[in-house]
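Work through the exercises below with the model open. Try each task before reading its solution.

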Amino acid sequence: MTDSAARRFVLDHFWIAFGAFGLACVLGVYQVLERSGIISALQSPAVYFASVSTHGVLMAFVLTTFFIMGFGYYVATTSLRMPIWNKGFAKAGFWIALLGTVMAAIPLLLGKASVLYTFYPPMQAHVLFYLGATLLVVGSWFWCVVMVVMLAQWKTAHPGETVPLPMFATTANAILWLWTSLGVALEVLFQLLPWAFGLVDTVDVGLARTLFAWTLHPIVYFWLLPAYIALYVFVPLAAGGKLFSDELARVSFVMIMVFGLPIGFHHLYADPQQAAGWKLWHGIGTFAVGIPTLLTAFTVVASLEVAGRARGGKGLFGWIGALPWRNPMVLAAILSLLMLVLGGFGGLVNASYAMNAMVHNTAWVPGHFHLIFAGTVITMYFAIAYHLWPRLTGKRLFSESMATLQLWCWFIGMVILSTPWHVLGLLGQPRRISSVTYNSLLTLAWKPYELAMIVGGLVLMGSAVLFLYNLFKTQMEGAAERDLTVSYAEALHPVGRLPDVLNGFRVWNGVILLLMIVSFGYPILQFFLLQTHNPSAWGY
Amino acid sequence: MPPSSRPHEEPRDDLPIGTWTLLCLIAAGMTAAWLFLYFGVFLPRGVVQ
Amino acid sequence: MHINPLEQKWLYVSLAMIAIFLGSIFLTAITKGVHPPSHIETIDSASLHLSGEFAEDKLGVRQQPDGSLRVTLVAARYGFYPNHIEIPADTPITFRMASVDVLHGTHVPMTNMNTMIVPGYVSQITTTFPKPGDYPMLCNEYCGMGHDHMWSTMTVVAKENWHGVAKADNLGEKP
Amino acid sequence: MAEPSTRIAWTPETLRFVSNGNAEKGKVLAESCQSCHSADGRNAVSEYPYLNGQLATYLYRQLHDYKDGGRPNGVMSGIAAGLSDQDMADLAQWYSGQPPRAPQTGQRSGAGTPSLVASGDSKRLIAPCGICHGWDGQGEPVDTPRLAGQKAAYLKQTLLAYQSGERHNDIYRRMRAMSERLSAEEIGALAEYYSRMK
């Protein structure tokens, strides 16, 4: 990326993402402290639930969306070697998303939108919150368009050539996000906004929850794919090896895109408004979408093994020790995969149909998604930031050892934070409470775990400070870095010509459409056939 | 990438036996833990329908 | 397309693992009827108290004509009504619940009694409680500022000590 | 089947009907209520509540319950019997639009808040008053009344009436169940606290 304006543009995205991240971390520390009840002056459900709502929105919507857009522009321009298509259009997307973020943040911080990032009608937030969330998503659609157009232009200019893997995956993510966001867009545009504006009195909560579930699972893959991209194209190179299999990486991305979408009902296992048969169908799909992640684990670990052996690692596991553990990208990959194993297991339990009743809405669930999202995903976002910051700012990374320390702290903090959550979940503690008021012997066992979580939260906060400080110092005071080129890992077995299905998405869009009609068609249609009695708006 | 670079790779690269062993161990552990939770914790807490 | 033989084997291992999980799920679903609570039935949440099974004097534990036990509960900010129920252990109990206002959920810790309560819909879940004791029945879905305080109590009595539904209407009984 | 505690159900239609009440017409109707319910302290009987700033939904339902018999009262039942649904909505709109009574001592929530208001008592399954009635005692939609600045004698009498079951128009016994678990001293203290609140 030689165009400094484009680099600046990507950096703007990243700083908004990581600014939101920093603020959300502060809120996270407050939340573990408040929840433990050890400082009585902090106890306040009003502040707690405003904080949880803001933490969720900042982490899940703002950090991710801006990071993914910025990373996408970077990958597109560097892997395709072409400038951003229609910069004005891309900038419009950025400003719309930013405006939406600010609009949503105001009511959130004022406690006027304490409805959590899942919206939860019939509790009604300030209308600005819904408008802001909508604009954030609309802004991201601009990015999707740019990605799809750039890929199309490149393919026209390079007929028959294989699309570079990082761009193939980035476009898969853009298309995935367009499909994904449609569910929540329908909910907000046709249900929540007319209702918040007072045009209609009531909202069908069953339908709203079904539409949100449409978005709620694949959105996780929208967040995860940039992490997988880094695992496939940056990590093997950083470890000193090659990508074990390029084709299988493409197969994994396509499978995630196709199977990630029609499976949202595993968020509704405990809901009364959908039938068990549909839940089982989505449950089977949920297990199916585990396959590409299992394949990814193999490809990435095998790539590491190739690199470790090239560095002199011997025996069955000697290559692990031979890896460059001090390299932030490699270290991040190892820690990220470790958390993927633990968090993935939690996900398997959540996905297991009736067994969901054992853990549904317990502390197990935030334990699971903090391992996967705050663990696997964010750790790779850190590594990407460390990798790209010198290339974006033209300054050498301020401190590589600080980066590795930061990654270790994040890992340790996340394990200390999320292990108690899993235990508490099995002991029956609900998620989303600001204090434990149940007068029951069963709840006595919860206390020590709450205290451990404070330690985890503080370690994570320290890690977040190190991360932001390192990036800031790099940009402000780093030594000049002349080589701004970025390299993507080559495949061990070079890819030749690929069939169209692994070089484009036309067929897959058709498959997705079909699967979505099968999986969501009747479950949505039923609300128009049922005699429903919809509730009016409530405060909180 | 030109195919000529392939002979430089060690033959073991094509058989990541360490990865295979490691992942099989993890898969076995996950399966055992899942079966324990399903049949040892979930079902004894009461059949649900 | 190039697929490494070990990678192919790994794919089979992955598929086998998932087959074990899905196989267990299907097996217990077919032989024991283990399913998540699913029951599509709509209701006018605003008018629950006026008539029908969720009217104020119809709540609580009831023996059905076929001898089975049914618990009818209303979830309302911030509690479950009636505030206290008593049921026998090792007996299938069917809970029917509806919300008066917003989204709620209910969970009895250390048991599988766990379901969402969505306004406009009736939630129904059948489960058994193997261990006698006093349990909190708590709201497990954020429902407003008082969510932390939304809970009621449930006593599970050993089957041999259970002498039927004590009172026709135990609404409001002190815990 | 027993009579429900109230015949009002907060359906979208009823909510809309109340919010469409005509405050100007309510003002005219309210003139005859002021001798007992005025906010300037003229009303002599300490058990007659202030109505200014009260939630419209709450006022509407109380009037209806007086008329329907859900809240029997020697004085109010007779008065409400002469009101139409529209009159009740108009009155509710008028009173809810009036500024709440000025504080007597200016106390706000925070310092000196009784623990029952802020955190309840989980041993007795008493939820904090503040979670439903608002941390500033302002009441919450729908139908949870404002308590701040209300007369202590009225609040005390009301809680005692819920406790004895004499008053029973709380849907699903929510207030009866709470007040049964309160002691007479606690009832007195809560009434005092809310009466002094802004």
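**Exercise 1.** How many salt bridges are there between chain B and chain C?

*Solution.* Start with the conventions. This is a predicted model, in which local features need pLDDT of at least 70 and side-chain atom pairs count only at pLDDT 80 or more, while totals for chains, interfaces and linings use all residues. Residues are numbered from 1 along each chain as its sequence is written, chains are lettered from A and ligands numbered from 1 in the order in which they are written, and side-chain values use heavy atoms, with hydrogens and water left out.

Apply the salt-bridge rule: a side-chain nitrogen of Lys or Arg within 4 Å of a carboxyl oxygen of Asp or Glu. Between chain B and chain C the count is 0 salt bridges.

**Exercise 2.** Describe the interface of chain B and chain C by contacts, area and residue class.

*Solution.*
1. Take contact as heavy atoms within 4.5 Å. Then 22 residues of chain B touch 26 residues of chain C.
2. Buried area is the accessible area (1.4 Å probe) that two parts lose on being put together, summed over both. For chain B and chain C it is about 2300 Å², with 68% from carbon and sulfur atoms.
3. On the chain B side, W20(B), R45(B) and Q49(B) lose the most area to chain C, together 31% of what that side buries.
4. Now count polar contacts (a pair of N or O atoms within 3.5 Å; within protein, one must be able to donate a hydrogen and the other to accept it, and residues adjacent in sequence count only if both atoms are side-chain atoms). The interface holds 6 such residue pairs, both at pLDDT 80 or more.
5. Sort the chain B side by class: 17 nonpolar, 3 polar and 2 charged residues.

**Exercise 3.** Which two domains does chain D have, and what joins them in a salt bridge?

*Solution.*
1. The domain assignment gives domain 1 (12-96) and domain 2 (115-196) of chain D. Their C-alpha centres lie 21 Å apart.
2. In contact are 19 residues of domain 1 of chain D and 18 residues of domain 2 of chain D.
3. Together these two domains of chain D bury about 1600 Å², of which carbon and sulfur atoms give 50%.
4. Between them the count is 1 salt bridge. The side chains of R61(D) and D143(D) form a salt bridge, at 2.6 Å from N to O.
5. Helix α4 (residues 56-68) of chain D gives the largest share of the domain 1 side that touches domain 2, 5 residues.

Note on methods
Domains from an automatic or database assignment. Helix = DSSP H or I, 4+ residues; strand = E, 2+ residues; numbered from the N terminus. Nonpolar A, V, L, I, M, F, W, Y, C, P; charged D, E, K, R; others polar.
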